[in-house]
Amino acid sequence: MKRLAGRIFDFLDRVGFLTLCELLEFRSQRLRILIYHRIADADTDTALEPGLISASPAEFAEQMYLLASNYNPVSLNDLIDAQAGRSTLPSKAVLVTFDDGYEDFAECAWPIMREHNIPATLFVPTAFPAGQPLGFWWDRLHYALMQSPLNEVRIEPFGKLTLGDAAQRRSVYKQLRNRVKMLPHKDAMDWLENTINLLGEVPALNRVLTWQALQSLAEDGVSICSHGESHALMTRLSTPELEDDLQTSLHSIEHKLAHAAGPRVVAYPANAFDEKVASLASRAGYLLGFGGQRGINRIPSNHPMNLQRLPVLKYSRGLFRAQL
């Protein structure tokens, strides 16, 4: 479906239809918030889960050029001021955000954004910049499946799973990943570790920026904000666990980055969000929350703890412009 949509919108791009749509967009106070994860070529660090690659460096450079040429990139502070009624956003406003804090943000994304004078917001799960060498669970699970010497494995509650070619292993990965997201967080992590142990050894895969690197980025103008503490799905945490996760993450950023810390804004990991999460995030002191729905926001928003974002998922040029 994505390939088909890409062909359709690439055609509309070539004949000028999308350019016309952009030229006719004059409405103010409408904000597009883009969400990226990794910027990398497919053959870069193949140990990591490739599904988190939002764009190659070349694709990202073209997307940022389009934003700088056809839209009005704004900062997180611009959004906060507009939400509070202290200012208004321009027409065709767009905010560029990154989740997870992978190293390629500093290596690939930020230099391109800085060249085009586009502000960046980086949401970081604060357990990972230091003291969490294993890395994200999805990277570890992907590595374990792709590198396992086994041809089949018995994993409950699925029973026997065949690990044939790469396509079969990818299919099994999706099954196991969905299982992790359905369980309470602690149960999910325990089940995951047992599963990985069945598949084989996994090296340390933490590719999250260090606090020192985050400090440099913050001083260079990047807004560093909370993505929770452990990247747990917040809807899979008990109330005490969720309160601790939100408060610990906020404290870590403000303690480690001091005056360079970004505003008190949170992006819910994996977009897992409900009213309890919104309420506890607000109670913890967060001003805004980036939630789980896809869409364009009207600012000031009636739902500041559930602002909508637009994911970028290896989109063609036409599909990228159409989503905006």
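D104 and R38 join their side chains in a salt bridge, with 3.3 Å from N to O. Since D104 belongs to helix α5 and R38 to strand β2 (residues 38–39), the pair ties together parts that are 66 residues apart in sequence. Both D104 and R38 are buried. Keep in mind that this is a predicted model, in which a search of the whole structure finds 15 salt bridges.

- D13 counts as buried because its relative accessibility is 10%, under the 20% cut-off.
- R321 counts as buried as well, at 5% relative accessibility.

- In helix α8 (residues 185–199), K186 and D190 are 4 residues apart, about one turn of the helix.
- Their side chains form a salt bridge of 3.1 Å, N to O.
- K186 is exposed, with a relative accessible area of 53%, while D190 is partly exposed at 38%.

**Helix packing**
- Helix α3 (residues 57–70) packs against helix α5 (residues 104–115) at an angle of about 25°, and their axes are 10 Å apart.
- That angle makes α3 roughly parallel to α5.
- The crossing of α3 past α5 is right-handed.

- L4, which lies in helix α1 (residues 2–14), counts as partly exposed at 42% relative accessibility.

How values were computed:
Residues are numbered from 1 along each chain as its sequence is written. This is a predicted model: local features need pLDDT of at least 70, side-chain atom pairs count only at pLDDT 80 or more; totals for chains, interfaces and linings use all residues. Side-chain values use heavy atoms; hydrogens and water are left out. Helices (H or I, at least four residues) and strands (E, at least two) are DSSP runs, numbered from the N terminus. Buried means under 20% relative accessible area, exposed over 50%, partly exposed in between (1.4 Å probe, protein chains only). Axes are lines fitted to C-alpha atoms, for helices over the stretch in contact, and angles run from 0 to 180 degrees between N-to-C directions. Angles under 35 degrees count as roughly parallel, over 145 as roughly antiparallel, 65 to 115 as roughly perpendicular and the rest as oblique. A crossing is left-handed if the near helix is turned anticlockwise from the far one by less than a right angle, and right-handed if clockwise. A salt bridge is a side-chain nitrogen of Lys or Arg within 4 Å of a carboxyl oxygen of Asp or Glu.
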